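Thanks for coming. I have one structure to go through today, so please look at it while I talk.

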Amino acid sequence: MNNKYEAMVLSCIDPRFQHKVSSYLSRRKLRGKYSSFTIAGAAVGVTHANFKKWQKTFIENLETSIQMHKINKLIVINHKDCGAAKLVNESKQFNDINENKIHRESFQRLKKIIIKKFPRLYYEFHIMTLKGSIKSFDA
Ligand SMILES: [Zn+2]
């Protein structure tokens with residue numbers, strides 16, 4: 001790849017994950033090569049009806065990064081025990097099944113948007129655990 005910049009990273013505002021996300025991206029040799037969009041819930045925040053107003057801002061920022069920084073990939077990092085996912089889960093038990101369903105749905109919704117609006121953009125969907133390990137998701 002000739003591009004200086006490679007990706008936009010969509011992640012959550014949760015303070016427990018800032019350094020974990022950053023060290024994960026360093027391990028992938030992406031330091032200095034990504035732009036960062038941080039919003040409560042990451043993919044949940046930009047796709048769920050509860051946070052309706054947030055999607056437009058994200059899309060516009062992604063568009064800007066594609067144009068200005070010539071990035072060609074979106075790396076999405078949701079995380080376990082996320083407050084936004086709990087909010088969306090409402091009164092249901094916040095177990096692994098319900099939690100995973102919320103993340104999977106957010107990835108599927110986001111994938112649809114990307115395919116429609118940015119057909120040449122690559123994308124990756126991940127969930128980070130509290131210990132900082134990463135699980136990739138095929139949306
Ligand atoms: Zn979160």
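I will start with helix H3, whose buried residues pack against E1, E2, H2, E3 and H5. Contact here means heavy atoms within 4.5 Å. Buried means under 20% relative accessible area, exposed means over 50%, and partly exposed is in between, with a 1.4 Å probe and protein chains only. The names H and E refer to DSSP runs numbered from the N terminus: helices are H or I with at least four residues, and strands are E with at least two.

Before going on, a word on the source. This is a predicted model, in which local features need pLDDT of at least 70 and side-chain atom pairs count only at pLDDT 80 or more, while totals for chains, interfaces and linings use all residues. Residues are numbered from 1 along each chain as its sequence is written, and side-chain values use heavy atoms, with hydrogens and water left out.

Back to H3. Which residues of H3 are buried? They are Phe58, Ile59, Leu62 and Ser65. Looking down the axis of H3, these buried residues fall within an arc of 125 degrees, so they line one face of the helix. The arc is taken from the directions from the helix axis to the C-beta atoms. Lys56, Gln67 and Met68, on the other side of H3, are exposed. As for its length, H3 has 16 residues and spans 22 Å from its first C-alpha to its last, close to the 22 Å expected at 1.5 Å a residue. The expected span is 1.5 Å times one less than the number of residues.

Just after H3 comes lysine 70, with a positive phi of about 55 degrees. Lysine 70 is in the loop between H3 and E3, and it is not a glycine. Lysine 29 is also not a glycine, and has a positive phi of about 60 degrees. Lysine 29 sits in the loop between H1 and strand E2 (34-38), and is exposed, at a relative accessible area of 65%.

Next, the nonpolar cores. A nonpolar core is a set of buried Ala, Val, Leu, Ile, Met, Phe, Trp, Tyr and Cys residues joined through side-chain atoms within 4.5 Å. In soluble globular proteins, nonpolar side chains tend to be buried together. The largest core in this model has 22 residues, and those touching the most other members are Leu10, Phe58, Leu62, Leu74, Val76 and Leu110. At least two residues of this core come from each of E1, helix H2 (43-47), helix H3 (54-69), E3, H5 and strand E4 (122-128). H5 gives the most, with four residues. Setting aside neighbours within four places in sequence, phenylalanine 58 is in contact with Met8, Leu10, Phe37, Val46, Leu74 and Leu110. Another core, of 10 residues, lies apart from the largest one and includes Ala7, Val9, Phe17 and Tyr24.

Now the metal. Which protein residues are donors of the zinc ion? They are Cys12 (SG), His79 (NE2) and Cys82 (SG), at 2.1 to 2.2 Å from the ion. Donors are N, O and S atoms within 2.8 Å of the metal (3.2 Å for Na, K and Ca), and water is not among the atoms, so sites may look incomplete. Along the chain the donors follow the spacing C-x66-H-x2-C. Cysteine 12, in the loop between strand E1 (7-11) and helix H1 (18-27), and histidine 79, in strand E3 (residues 73-79), are 67 residues apart and link distant parts of the chain. Both cysteine 12 and histidine 79 are buried.

Last, the charged pairs. How many salt bridges are there? The count is 10, where a salt bridge is a side-chain nitrogen of Lys or Arg within 4 Å of a carboxyl oxygen of Asp or Glu. One of them joins aspartate 96 and lysine 80, at 3.0 Å from N to O. That pair links helix H5 (residues 96-117), which holds aspartate 96, to the loop between E3 and helix H4 (83-89), which holds lysine 80, 16 residues away. Lysine 80 also forms a salt bridge with glutamate 99, with the closest N and O atoms 3.1 Å apart. Glutamate 99 lies in H5 and lysine 80 in the loop between E3 and H4, so this pair ties together parts 19 residues apart in sequence. Glutamate 99 is buried at 4% relative accessibility, lysine 80 is buried at 15%, and aspartate 96 is partly exposed at 48%.
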